[in-house]
Amino acid sequence: MKIVVLVKEVPDTWGDRVLNLETGLADRAASEAVLDEIGERAIEVALSYADEHDDAEVVLLSMAPESAAATIRKGLAMGAASAVHIVDEALHGADLSLTSEVLAAALRKAGFDLVITGNQSTDGVAGVLPAMIAERLGIPQLTALTEVTIEAERVSGRRVTDVATMQVSAPLPALVSITEALPDARFPNFKGIMAAKKKPYETWSLADLEIDGERVDVPRSIMTAIAERPPRQAGVKIVDEGDAGQKLADFLRENRLA
Amino acid sequence: MTTFANDSILVLLDTTPDGQLAASSAALVGAASQVGTPVALVVGEGADGAGALGAAQVLHAAAGDGLTVPMVDAVAAAVELVQPEAILISNSIDGRDVAGRLAARLGLSVAVDAVDISRDDQGVVAHHSVYGGAYNVQSATTFGPLLATLRQGAVETRATAAEAQLIPLDVAATQAPAASIDSVEPVVVSSTRPELRSAARVVSGGRGLGSAESFALVESLADALGAAVGASRAAVDAGYVPHALQVGQTGVSVSPQLYIAVGISGAIQHRAGMQTAKTIVAINKDADAPIFDVADFGIVGDLFTVLPQLLEALDAKKG
Ligand SMILES: Cc1cc2nc3c(=O)[nH]c(=O)nc-3n(C[C@H](O)[C@H](O)[C@H](O)COP(=O)(O)OP(=O)(O)OC[C@H]3O[C@@H](n4cnc5c(N)ncnc54)[C@H](O)[C@@H]3O)c2cc1C
Ligand SMILES: Nc1ncnc2c1ncn2[C@@H]1O[C@H](COP(=O)(O)O)[C@@H](O)[C@H]1O
């Protein structure tokens, strides 16, 4: 069973994230870069299956600038067997259509039985790539899973949407996206970190995937305006002296909020 | 043959397992009415409700078997028929899946999580609130219809009710493999409290509540104020409330008139989901909690003494 996990390097949500006001793109230099937490959980789902099944191979796939290699290697240190990293200048600022085209092509080239992704990345927060990739590959997608059961020929799980909780399943090959209801990822240990240095790490360009990243005959999403919102200012802060509940009631009433 | 206006905006309305239009529907039609003529699409039951929301033309198709794919088949058929200027879909879990597959199938670009839709001299544009409201961004597509998912609870415009013309839609099902839905349980929603995403007032509780039992204090305050209930991720992880109530980066984004954070430290990922609220109140016993940096009215104190007193004071005024 070949499980490919889609992971992404994102600006650390613990810091202030900055957009370049000219390009609208994330200012990568402004924040520390980390492996997206939801991607780590996706790796964990794959690894916990591999822990129990010797025939399982976990491969990481990421489309990211060259500098993301150190971040992607963390997934190898956790226990994934190999990584494929798509790097190409033409992908700078790629929209969702191009990103999904690239990832689908890479999945086709790498081969897979099961693809596992996060439900939403913390920087893009798009949450549409899993479905886009599944459509391009012509495979079923099971998104927003809060529980996943992987079997030799099939995958199933619990999917919680805004209106319903459902059980869904599909034969392999298939794609699943998981939510943060699934367990936190394991930490890489020293042995894992050392082993990661020797694991296969392939870098592919758009040419390797036979994709033209600069086509103008397909619609692209473009940013047309950007503005920074002034940060919020702190207001009054009182220390409770036994009457804070009363004072808050007064504040709410004065502001017609109660 | 039915004709459609040149400025038709196709809106896919989500439905609930019991055949009703989802709560997000009114805002979708409302947003469409800001920029053109709304044409609603309902897959499965519920089409009769769309006229009251302001869609004069309502396409309806039978629900097919399997996850997402039958919906995509229907929207693709509707796009072909209507030739809309924009396609609006709810930024719900189901909506995002449909939008994603549709974009890939029709070769469209997709604008996600729009908080508003407007028109400029080039066409229809989507507005986004990025990085927890730190930036306002507008996006468009280089050509072709704009496909966008609309954040639930973000658009307040409502269209005037219309006498709906119901139009059956012929859908040629594709052979695209879909996951099967083996069982469905509807989510039970509180009928008395407002919906979190669109509520004018929200009271959220965090790990500071200490237990699911104590979380009832947050619920009492919410009910006293006619507010929705929210929570931090730590409160959700601790099992005090379901994940659907999580506010923040990986939960719901809210922009209410009033947001009260009780026993919540105000980690950056939590603030990302609530810092665009008009007025923020925080109750926390740690004077250095980051939530105070964004609070208009902060109380450094024990929630177990402040909340009961507040409830009493609010009650006294009423009686
Ligand atoms: C990728 C990622 C995504 C995340 N997404 C989200 C998200 O969507 N939403 C979210 O909320 N978090 C999110 N988090 C988690 C976030 O970092 C915090 O861990 C979380 O918000 C903390 O919740 P909390 O404030 O309830 O708990 P804590 O940080 O433990 O704070 C509890 C607070 O309660 C106060 N307190 C305790 N007892 C009392 C008392 N008796 N009276 C008054 N105050 C009291 C304490 O002083 C403390 O400030 C995310 C983290 C990551 C890494
Ligand atoms: N550049 C990327 N490289 C690899 N996987 C990605 C990339 N962007 C998104 N993904 C995957 O798609 C999921 C959803 O991302 P998004 O649609 O951007 O919210 C993520 O959790 C990842 O698993």
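Colleague: What share of the contacts in chain A with a separation of 6 or more comes from residues 24 or more positions apart?

Modeller: The share is 71%, where contact means heavy atoms within 4.5 Å. This is a predicted model, in which local features need pLDDT of at least 70 and side-chain atom pairs count only at pLDDT 80 or more, whereas totals for chains, interfaces and linings use all residues. Residues are numbered from 1 along each chain as its sequence is written, and side-chain values use heavy atoms, with hydrogens and water left out.

Colleague: What makes B:R197 and A:D162 a salt bridge?

Modeller: The term requires a side-chain nitrogen of Lys or Arg within 4 Å of a carboxyl oxygen of Asp or Glu. The closest N and O atoms of B:R197 and A:D162 are 3.3 Å apart, so the pair meets the rule. Between chain B and chain A the count is eight salt bridges.

Colleague: Why are strand β12 (residues 221-228) of chain A and strand β7 (residues 135-141) of chain B said to pair?

Modeller: Two strands pair if DSSP finds at least two bridges between them. Seven bridges join these antiparallel strands, and therefore they pair. Within β7(B), B:Q138 is the bridge partner of A:A225.

Notes. Chains lettered and ligands numbered in written order. Helix = DSSP H or I, 4+ residues; strand = E, 2+ residues; numbered from the N terminus.
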